[in-house]
Amino acid sequence: MEGKIMEMMADALDTTRVIGLGKANPKGMKTTLKINKPSSGLVKGVTVLKSDVSTISIQQCDLEEAPGVGRLFNLESLLEEMTDKLRRSNGMFPLDWLIRNLEGYIEGKWEFTMVIDDPLALSQFLVPPEFFADCEVKEEYYTRTWDQDEDLGLLQVKENEPAFEESIENLINLIKNAKNVTGFTGAGVSVESGVHPYRGGDANSIWTKYDPKIANIDFFMASHENQIQHWKMKRDFYEILSRATPNPSHDIFAYLERSGKLNKVVTQNIDGLHEQSGVPENKIIHLHGTAEEANCLHCLGIALREDVYAQLLEGKDVPVCNNCGGPMRSSTVLFGEKLNPDLVQEAKNSMKECDLLIIIGSSLVVQPANRLPAICLERGIPVVIINKEGETQYDKFADLVIRKPSGETMAKVLKELEGR
C-alpha cells in the first residue's frame, strides 16, 4: 500500500508526468468525501493526495483551497493548515465562524463534505477499511474544457502561418469544404471602409477628440448636459457612417449567404456594414448593439439612424422620440452595460453549430465575446484568424492565421470563389 501511495504522489508532483498523463487522458475528476459519522480518529486516518493543479473545497462553509504544491497528507493536517491560514487573515476579515467550524471538523464533532476538483484526475482520498462505514467517497469524471487544457499547457501549438498566397489557397479550400460557416468580426473589418476603431491607439479614433467617459451609461444618464456631449460625439460618428461602404471583408459573408453556407455573423461592430453588404438581419448577431437605431428613454420607441441624424443636423442637442418627445439613446451597448445574455447565448449556439469559424479584425481581448472562439477550438473544427494588428490569444492554436489587411485578403478569396 505504501509503495502505491508513493507512486501516486510522484505522479502528482512530477510536472513532466502530469503533462504526459493529461495529454493521454482528457478527463478531469471531482472526488467527494462525505463524513457521515465524524470522529477524530477518522480525520486522522484519512489520507489526502492532492496534485498541484487541484482545488479543495468544504461545502458546509463555502471554503476553497486554491491550487498549489502537490502534497500527500492526512485530513487532519490539511484542515489544520487551512485553519492556520484563516487565523493569519482574521485581522483583515471576520473569520471566527469559519475557524470554529474547521476546529470542530478536526475534533470530529460535525459532519462535513470535502471535494477535490482535479482537471488531471490525479487527486483522491484514501480511506482505511475500518472507516468505510463512517464516510462515503464518490468519484465523478468530466471532460476538460479547452480553457482548462490551455491553462495546463496541454494544447498543441500549430504551424499555421504559411506564405500569403498559400494562405489564400488554404482559406479557399476550407470555405469550399465547409457547409455551415460562422463569422466573428471586430473593428478591424471596418477600418478599410473608413470606420476607425474606438480603441487601440488609432490616430483617427474618435477618442482622440472625445473623452471615452461620455460613452459610459452612468455618465449619459446623469444629466441632460452629459447627453448633449454624448450626442455631439454620436453626430461625428454618424457622419463617418454616412460615408462608409462595405469592403470585401463584409462581402465574403454575403457570398457565403448566397451560397447557402452562412450560419451567423457574430459581430462586435455597430456600423451596419454587414447588412449593407447583403447579409440578412436575422443572420447577424450584434453583440454590442447597433448604431442603425436609437431608443426612447421614456416609451422605448425605436427610431432609425437616418431620422436621429437628421435631427442632429437640424440643430437638436439631444434627439427626441417622434411618439412621446422623450430623449433618445443609441441602441448600442455603452461602457458599464452588460451584453444582452440572449445574444451571447445565440452566439454560443452558432459556435456550437458551425463547421468553420472565420475571425476577422478582432484582437479578441474584449470579454465575454473573446471566449467564444474557444468553443470551436474545443470542438476541433477549423478556425481561421485574419488580423493585421498584433497577435491574439488563439493564434497558436488556430488552423490558419493571416496577418494581412482583411480587405486585401478577402478580395483575393472572393475573386477565386466567384471566378472573377
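The protein chain has a radius of gyration of 28 Å, whereas a compact globule of 420 residues would have one near 22 Å; the radius is taken over C-alpha atoms, and the globule rule is 2.2 Å times the number of residues to the power 0.38. The structure is a predicted model, in which local features need pLDDT of at least 70 and side-chain atom pairs count only at pLDDT 80 or more, while totals for chains, interfaces and linings use all residues. Residues are numbered from 1 along each chain as its sequence is written, and side-chain values use heavy atoms, with hydrogens and water left out.

Along its principal axes, the C-alpha trace of the protein chain spans about 85 × 55 × 35 Å. The chain contains 16 helices and 17 strands, assigned as DSSP runs numbered from the N terminus (helices H or I, at least four residues; strands E, at least two). Of the contacts in the protein chain with a separation of 6 or more, 71% involve residues 24 or more positions apart, a contact being defined by heavy atoms within 4.5 Å.

Of the 420 residues, 49% count as buried (buried, under 20% relative accessible area; exposed, over 50%; partly exposed, in between; 1.4 Å probe, protein chains only). The chain exposes about 20,500 Å², and carbon and sulfur atoms supply 49% of this area; accessible areas come from the Shrake-Rupley method with a 1.4 Å probe, and for residues only the protein chains shown count as cover. The protein chain carries 46 positive and 63 negative side chains, and the centres of the two sets lie 2 Å apart. Lys and Arg count as positive and Asp and Glu as negative, without His and the chain ends; each charge is placed at NZ of Lys, CZ of Arg, CG of Asp or CD of Glu.

A search of the whole structure finds zero disulfides, a disulfide being a pair of cysteine sulfur atoms within 2.5 Å. Cys 135 is in no disulfide, and the nearest cysteine sulfur, that of Cys 61, is 18 Å away. Cys 135 is buried, with a relative accessible area of 9%. Cys 354 is likewise in no disulfide, the nearest cysteine sulfur being that of Cys 376, 3.8 Å away. With a relative accessibility of 1%, Cys 354 also counts as buried.

Gln 148 lies in helix H6 (residues 146-152) and counts as partly exposed at 25% relative accessibility. Beyond its neighbours within four places in sequence, Gln 148 is in contact with Pro 119 and Tyr 142. Gln 148 and Pro 119 are 29 residues apart along the chain, and their C-alpha atoms are separated by 7.4 Å.
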